[in-house]
Amino acid sequence: MATKTKMKKITDDEIIKLYMDYVLEHESVPKSIYKFCKDGKIEEAAFYEHFGSVTGIQKAIWNKFYSSTETLMQKNKEYEQFSNKDKMLTFFYSFFELLTLNRSYVLFALQNDKTMMKNMEQLKGLRLHIKQFATELINQSNADKNLKITKHSPKLFSEGAWLQFLFILKFWMDDDSAGFEKTDIAIEKSINTIFDVFDNTPLDNIIDFGKFLFKEKMS
């Protein structure tokens, strides 16, 4: 007589781990939530308590990457005393260290569908987080300025930070250097550049950054 497989209750983090393992083992996204839940021996209803679809879990993974990075930064007791530039550098270094720990999944997630719009869809939540983080930094900087003319646009700065992230993400995906040391250099130079632009002294670092990019493209 057939017996019903006992299903287990599960947390959102456990579902995310199951999903990441599933796509790497099968080299494809689940064709249905039913199939994914059956393979993972979890109740379909339990999945829907946390996520509404495969797209939902894909977005949630990137949001988890961000929240984990934020938690890690806040554990550093000296973080609040950092300059805005160092806070941004800390975020990028920490975030890409986390991506490196999950590199196989990230490469699959971004290379599985070559359509840019599909990739942007799963990064939508992350984009909001990064832009909010950058906005908070520039607002803190503006609070110390008395003259309106010396204040910077949070909208422009946050969009610039997001574009820098996309550039570094692509650079990291293509980086084949040991320990991804070239990505670390790209992070440092790109963050220096965006802050120099907003400090109105961009020339030296922009030239330096441009030389670095040119060298990497030609090598």
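Student: Is T193 buried or exposed?
Tutor: This is a predicted model, and T193 is found in its helix 10, residues 181-198. Buried means under 20% relative accessible area. T193 has a relative accessibility of 10%, so T193 counts as buried.

Student: Which residue's backbone oxygen does the side chain of T193 reach?
Tutor: A polar contact is a pair of N or O atoms within 3.5 Å. The side chain of T193 gets to 2.8 Å from a backbone oxygen, and that oxygen belongs to K189.

Student: Okay, on to P154. How does P154 count by its relative accessibility?
Tutor: You'll find P154 in helix 9, which covers residues 154-174. Buried is under 20% and exposed is over 50%, with partly exposed in between. P154 comes out at 25%, so P154 counts as partly exposed.

Student: What distance separates the C-alpha atoms of P154 and I138?
Tutor: Along the chain, P154 and I138 are 16 residues apart.

Student: How are helix 1 and helix 4 oriented to each other?
Tutor: Two packed helices are described by the angle between their axes and the distance between the axes. Here the axes of helix 1 (residues 12-26) and helix 4 (residues 54-74) come within 10 Å and cross at roughly 105°. Angles from 65 to 115 degrees count as roughly perpendicular. Helix 1 and helix 4 are therefore roughly perpendicular.

Student: How many nonpolar residues does the contact of helix 1 with helix 4 have?
Tutor: Helix 1 brings D12, D13, I15, I16, Y19 and M20 to the contact. From helix 4 come V54, I57, Q58, A60, I61, K64 and F65. Sorted by class, there are three charged residues and one polar, and the nonpolar ones number nine.

Student: Within what arc do the buried residues of helix 2 fall?
Tutor: Helix 2 spans residues 33-40, and its buried residues are I33, F36, C37 and G40. Look down the helix axis and you'll see these residues line one face of helix 2, because they fall within an arc of 95°.

Student: Which helices are included in what covers those buried residues of helix 2?
Tutor: Helix 3, residues 44-50, is one of them. The cover also includes helix 1 and helix 4.

Student: How many of the nine residues of helix 6 are buried?
Tutor: In helix 6 (residues 103-111), the buried ones are R103, Y105, V106, L107, F108, A109 and L110. Helix 6 is largely enclosed by the rest of the structure, because the number of buried residues is seven.

Terms used:
Residues are numbered from 1 along each chain as its sequence is written. This is a predicted model: local features need pLDDT of at least 70, side-chain atom pairs count only at pLDDT 80 or more; totals for chains, interfaces and linings use all residues. Side-chain values use heavy atoms; hydrogens and water are left out. Axes are lines fitted to C-alpha atoms, for helices over the stretch in contact, and angles run from 0 to 180 degrees between N-to-C directions. Helices (H or I, at least four residues) and strands (E, at least two) are DSSP runs, numbered from the N terminus. Angles under 35 degrees count as roughly parallel, over 145 as roughly antiparallel, 65 to 115 as roughly perpendicular and the rest as oblique. Contact means heavy atoms within 4.5 Å. Ala, Val, Leu, Ile, Met, Phe, Trp, Tyr, Cys and Pro count as nonpolar, Asp, Glu, Lys and Arg as charged, and the others, Gly among them, as polar. Buried means under 20% relative accessible area, exposed over 50%, partly exposed in between (1.4 Å probe, protein chains only). The arc is that of the directions from the helix axis to the C-beta atoms. A polar contact is a pair of N or O atoms within 3.5 Å; within protein, one must be able to donate a hydrogen and the other to accept it, and residues adjacent in sequence count only if both atoms are side-chain atoms.
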